[in-house]
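Reader: I would like to learn how to read a structure like this one. Please take a few features in turn, with the general idea before the case.

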Amino acid sequence: MTHPANTPASPRGRTVFACSCEDTMVLDEGALARGCGGRLRTAEQLCRAQLDRFMVALGEGDVTVGCTQEAPLFRQEAEAAGHAGALDFANVREQAGWSREGAQAGPKMAALLAAAAVPMPATPLVPLESQGVTLILGRDEAALDLAERLKDRLDITVLLTGEADVAPRPQAEYPVLRGRARSATGWLGHFAVAIDGYAAAAPSSRAAYRWGAPRDGAASECDILIDLTGRAPLFPTHEVRQGYLRAAPGDAVALERITREAGELVGQFDKPRFIRFDAGLCAHSRNKRTGCTRCLDLCPTGAITPSAKGHWDSVAISAEICAGCGACAAICPTGAAQYDLPPTDAVLRRVRALLLAYRAAGGQAPTLLLHEAAGEAMIDALSRHGPGLPAHVLPLRLHAVTAADLALLVAPFAWGASDVQLLLPARRPHGAEGVLRNVDYAEAALAGLGLPHAPGVMETDDPFTLAEMLAAAPRPAPAARAEFLPLGAPREILRTALSALRAAAEAAPAVIPMPEAAPFGAAHVAVEGCTLCLACTMVCPTGAFAANPERPELSFLEDACVQCGLCANTCPEKVISLEPRLDLRPEATQRQVVKQEAPAICPSCAKAFGTRASIDRVKERLRAGGHWMFTDPARLAMLDLCEDCRVSAATNSQIDPYASTARPRPMTTEDYLREGGPEEG
């Protein structure tokens, strides 16, 4: 009997249907019942002859159906019946049953059914609005030909470069101007174009347009921007900039595509908000000192820019420009940027359900395959025309594999995964650098624990090559069988997973060296040079460095350090150095005192202020330097007073601060010239 703690939580009142699809796949009812997460019911043709079984279940609570092909039919019937509960679908046919190893895929089917029942949050949306105001950038007749096609649907303006002679149209139904787009910013419904050489066409133009006097620095705003100039694109990764359409002037196929797409870009649109951003957690800069630039370095679309607020303390992410690669969220060390389609903790809840259900159903050494929509098409092709997926491979579709952070790459190993593979296209997508960097970090951490596990990357567009890669992938024994819930921010989940893996590993080291720029590590302070100015505490975005309000003291919490470098860049004495490492000892989660000194006690009011050492240093330097204002011991003693008593003593002591026989004579022009200064001209 399986212990209840080892089975995934069973949703109350949930009915789970597993259909053999007219007996084209084998159903292991024992494995399915152990891991599916609800009341198991089987069928052979649930969508037709046995639809009544589905209708009865609608009145009993939530329902999961092991079929995605007929999901529209089941949704229609559920809506007609007034079903108020959850209705979820899992693709057990293409992803499990239609396989050479389909007879052994019972645990996998149970896992897919259990994971499908894990709810995902709603997709946050960004509204865009386009009224069809369109600017066509061109160099020849192709721009006017396109304008003729679109003039009845869009508000057209044509901007020609003037490098080719273009015959005027018989009627001026839209403006035709000359100029070259120097730069452009914006998105669908909100483009701004800077134009040089701007000129209007002469009304008397005959065989070809004649242009008026040009001027630079003109500006144009539009909703849709079409570029037929054949020049370099106006935007990085232009193919994902919504509202910016581009083609070579002579490419008839591309022009036909633009004609179709541009005509549809009028109205109101909802775009997913891919990134949830908390500027308060951003470690980009403090007081004009630059720290973390990871997201700025990796964003392929230019959606991330330094914020102009305050002292440039954070970056700003344009939800309208963001194309959803998730590179920023994958490598953000503080969690300021998190992927929101869906969030990491929601994805990990589904991963946990998948792995725990597979284990409860009797499965061994599973491989988690993270893929996108293209990967789902390859899996479908393999199931219909090839051997299908192996029974131990558990696929999980993400919106963007490139958004996978360290928690998503490491936590599955703690829940019992034997292997984690990321499926990417053969042509590496934009933003992949972030997740590939995370793969290196995860490999370093797991290798440091002495584990033979590491996430891998499969880059292919061919389903049969994918099958070969999966067959050749390693399958070491699971490193751990933890069951913790993925609670908190991704960094917290990662820490929990690493602690579980270390607890399961034999003789694992407590401190693991990490590659450069890893988001974990120590900030070492050369205490002999530290003056306790506490500048580091004022710029640390995570509170890793902190001051003690009760006494002169600097402390450090390694668990909070993200290696942003702001402390080292700000320290006036330059006594802070960074060491990327992963410290899994309990001390790393406890604040450690770096340096403390006795406070200076005011002899007049007994108030503590500053440090005794800093007051003594100042007095010694003044004494050794023979400063004329402090040759009198009475004046020097005033430095021992706090700021309030010092003002009172200076006012009431009858001491003239300028009375001194050693006061130097002011320099004159003659003194300056006598000492070798430049002669006056």
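**Reading the features**

Author: At 55% relative accessibility, A606 counts as exposed. The model is predicted.

Reader: Where does A606 lie?

Author: A606 sits in the loop between β30 (599-601) and β31 (608-611). Its phi is near 70 degrees, a positive value in a residue other than glycine. A365 also has a positive phi, near 50 degrees, and is likewise a residue other than glycine. A365 belongs to the loop between α10 and β20 (367-371). With a relative accessible area of 13%, A365 is buried, whereas A606 is exposed.

Reader: Which peptide bond is cis?

Author: The bond from L341 to P342 is cis, with omega near -10 degrees. P342 is part of the loop between β19 and α10.

Reader: How should I read the cysteines, and how many disulfides does a search of the whole structure find?

Author: A disulfide is a covalent bond between the sulfur atoms of two cysteines. Here the search finds zero. C47 is in no disulfide, and the nearest cysteine sulfur, that of C67, is 6.2 Å away. C47 counts as buried, at 18% relative accessibility. For C602, the closest cysteine sulfur is in C605, at 3.7 Å. The cut-off for a disulfide is 2.5 Å, so the sulfur of C602 is too far from that of C605 for a bond. C602 is buried, with a relative accessible area of 2%.

Reader: Now a helix. Which residues of α15 are buried?

Author: An α-helix has 3.6 residues a turn, so residues three or four places apart point the same way. In α15 the buried residues are P490, R491, I493, L494, R495, A497, L498, A500 and L501. They pack against β19 (337-339), α10 (344-360), α12 (406-414), α13 (432-448) and β28 (576-583). The helix covers residues 490-504, and its 15 residues reach 21 Å from first C-alpha to last, close to the 21 Å expected at 1.5 Å a residue.

Reader: Which residues touch the most other members of the largest nonpolar core?

Author: In soluble globular proteins, nonpolar side chains tend to be buried together. The largest nonpolar core here has 78 residues, and V351 and L501 touch the most other members. The largest share of this core, nine residues, comes from α13. Leaving aside neighbours within four places in sequence, L501 is in contact with V410, F413, A414, L446, L449, L451, A479 and A480. Another core, of 26 residues, lies apart from it and includes I136, A147, I224 and I258.

Reader: I224 is in a strand. Which way do the residues of β11 point?

Author: I224 and I226 point one way from β11 (residues 224-227), L225 and D227 point the other way, and all are buried. Strand β11 pairs in the parallel sense with β6 (residues 133-138), over four bridges. Three bridges join β11 to β12 (residues 244-246), and these two strands also run parallel. L225 is the bridge partner of L135, and its bridge partner in β12 is Y244.

Reader: Which strands form the open sheet with antiparallel pairing?

Author: Three strands do, in the order β26-β27-β29. The edge strands, β26 (545-547) and β29 (592-596), each pair on one side only. Neighbouring strands of this sheet are turned by 30 degrees against each other on average, direction ignored. Four bridges link β27 (residues 553-556) to β29 in the antiparallel sense, and E553 stands opposite Q596.

How values were computed. Residues numbered from 1 in each chain as written. Predicted model: local features only at pLDDT ≥ 70, side-chain atom pairs only at ≥ 80, totals over all residues. Heavy atoms only, no water. Buried < 20%, exposed > 50% of the residue type's maximum accessible area, 1.4 Å probe, protein only. Pairing = 2+ DSSP bridges. Expected span 1.5 Å × (residues − 1). Contact = heavy atoms within 4.5 Å. Core = buried A, V, L, I, M, F, W, Y, C linked by side-chain atoms within 4.5 Å. Axes fitted to C-alpha atoms, helices over the stretch in contact; angles between N-to-C directions.
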